[in-house]
Amino acid sequence: MDLTILGVLALTVIVAASVLAPKVGVAAPLVLVGAGVLLALVPGVPRIEPEPELILAGVLPPLLYAASVNMPAMDFRRDLKSIGWLSIVVVVSSALAIGWVVETFVPGLGFAEGVALGAIVSPTDAVATSIVKRTGVAPRLVTVLEGESMINDASALVLLRSAVAATGVSVSVLDVSVDFVVAIAVAAVVGLVVGAASVAVRARLHDATVNTAISFAVPFIAYAPAEHLGASGLVAVVTTGLVTGYWGPSVLRAQDRLAEAVNWRTVAFLLEGGVFLLMGLELGPLLDDFRSEDGDFGRLAVLSALCLGILLAVRGLYVVALLWSLLQDRKDMHRWEPRMNRVRDYLASDESNDLSDRRLQRIHLMVARREADMRFYEEERLDRRAGVILVWAGMRGSVTLAAAQTLPTGFEQRELLILVAFTVAVTSLLVQGGTLAWVVRRLEVESDRREIDRQQLAALSQMLADVAASRCAEVADDGLDGRVLEPVVLDQVQDDSHPERTTRWAGEGDDGVAQRLRDYVELRRAVLADQRDALIDARSSGRFDSENLNRMLRRVDAGDMAMDRLD
């Protein structure tokens, strides 16, 4: 079959699955895996065996960047403990447990080979979490699962690299630990540098097409040097995405951010669908290779079941420990209340007058953030039912299969390990992914946030209206660039928080129309800039949900883009 026809067919299947899957109540990734298996049976479809490097270096960096750039930094910070616990501690513990079981019960495989298999099947997949989003669970659960899937790919691949090295030479636990820490630390530094540099460069460009084109290169710019330095390229990509997502609204134009968001959503959609379709297409070749090596399918089934059982058991134990630790953290936070009261009393006293305005502002922000965090942890608790979802939503996907194929040629029982990885990934998607929505409904953990969203959006709208009124009152008193404006301009800017695309208010036929429009645009842009700053300050304080802040920011951006049509 011609590759062009195959590509068009794959694109058609991806789009069709995304449209039809919700109507039949099945997650699109599961439909795409099944479609890939069926497509591989069509006469003329070539054997699909992509290079592992294509997935690791060509697909995962843009996917992880697309996820991390949209990850609210505030949410990531609040659940950093949970994310780190699941993405590092659980991955390492699962790999070691599988290593011990494999060494004990599987003839011909040692501890190092077992740890390598454990590292391959341990990370949950960034793409697989797309199933979770459609179940209606609380946003905090989605944040933890997304953050985990962004980080655990890197921790698993670093561990896999060390395990493979340990099969040839003697490597101590200390050596592996040092290598792991250095790889993560160096990658984080690379990601910070690349993220800051890319935002600084893009802030100086005023062409949305060029800006978006540069953003397509950013994940690879972060990935390549980190890998060259022996660090984790995926951690570097995630760090770059978080930096870009945090600073972007402050320095990038609305046009640039909106264009980038639309294009990256399209890229992520196609890559996610392509990865799941590819998993189905690869099943046939993997089985053929295993059969040609006289593989024992009974042994394959037992080892796959052992791995999946260990992954669920270890994850369950650590989730229980995590929930207990978070409970202790909430109790400890209440002990902060007397200290917070002392800070409030100090700010209300005359002694605070000796501090600079900047210092006072930082203290007020710290207090507001601490109060918001305490309220968040109290209202958005991760209870036992949420813990069940955390365990059951830990699905495997493309990273597991790609990592398995990086095993060097000649590795002990390589074909068996690759097929075990595939079996674990597909089984977790089919069993856990296929039943996750039912589990969510059964446990009644759907999150109805309509009233909370209504209250927060009303508060944010009032805040923006106050910002507009404040700027307009200032201009009414002092003028704009030394000029007194006509009242009709001030009234229109203040009343039009979301302006219609019309200029009739400015009048027709008189000489002052052009000047009124110029004044309107200049003042309106000033108000929009103030409103954007207010939203960013509100984000720093942590008083509002990230999704509601982003929704209001999109409205401000829409107003900013509307001004371009009047220039």
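Mentor: Gln-255 is found in helix α12, where helices are DSSP runs of H or I with at least four residues, numbered from the N terminus. This is a predicted model, in which local features need pLDDT of at least 70, side-chain atom pairs count only at pLDDT 80 or more, and totals for chains, interfaces and linings use all residues. Residues are numbered from 1 along each chain as its sequence is written, and side-chain values use heavy atoms, without hydrogens and water.

Trainee: Is Gln-255 buried or exposed?
Mentor: Gln-255 counts as buried because its relative accessibility is 14%; buried means under 20% relative accessible area, exposed over 50%, and partly exposed in between, with a 1.4 Å probe and protein chains only.

Trainee: Which residues does Gln-255 touch?
Mentor: Leaving aside residues up to four places away in sequence, Gln-255 touches Ala-208, Met-561 and Asp-564. Contact means heavy atoms within 4.5 Å.

Trainee: Where is the kink in α12?
Mentor: At Glu-282, shortly before the proline Pro-285, there is a kink of about 30°. The bend is the angle between axes fitted to the seven residues ending at a residue and the seven starting there.

Trainee: Changing topic, where is Thr-244 placed?
Mentor: Thr-244 belongs to helix α11, residues 233–251. Thr-244 counts as buried, because its relative accessibility is 3%. Not counting residues up to four places away in sequence, its contacts include Tyr-65, Val-69 and Arg-202.

Trainee: And Val-15, which helix holds that residue?
Mentor: Val-15 lies in helix α1, and is partly exposed, with a relative accessible area of 37%.

Notes:
Helices (H or I, at least four residues) and strands (E, at least two) are DSSP runs, numbered from the N terminus.
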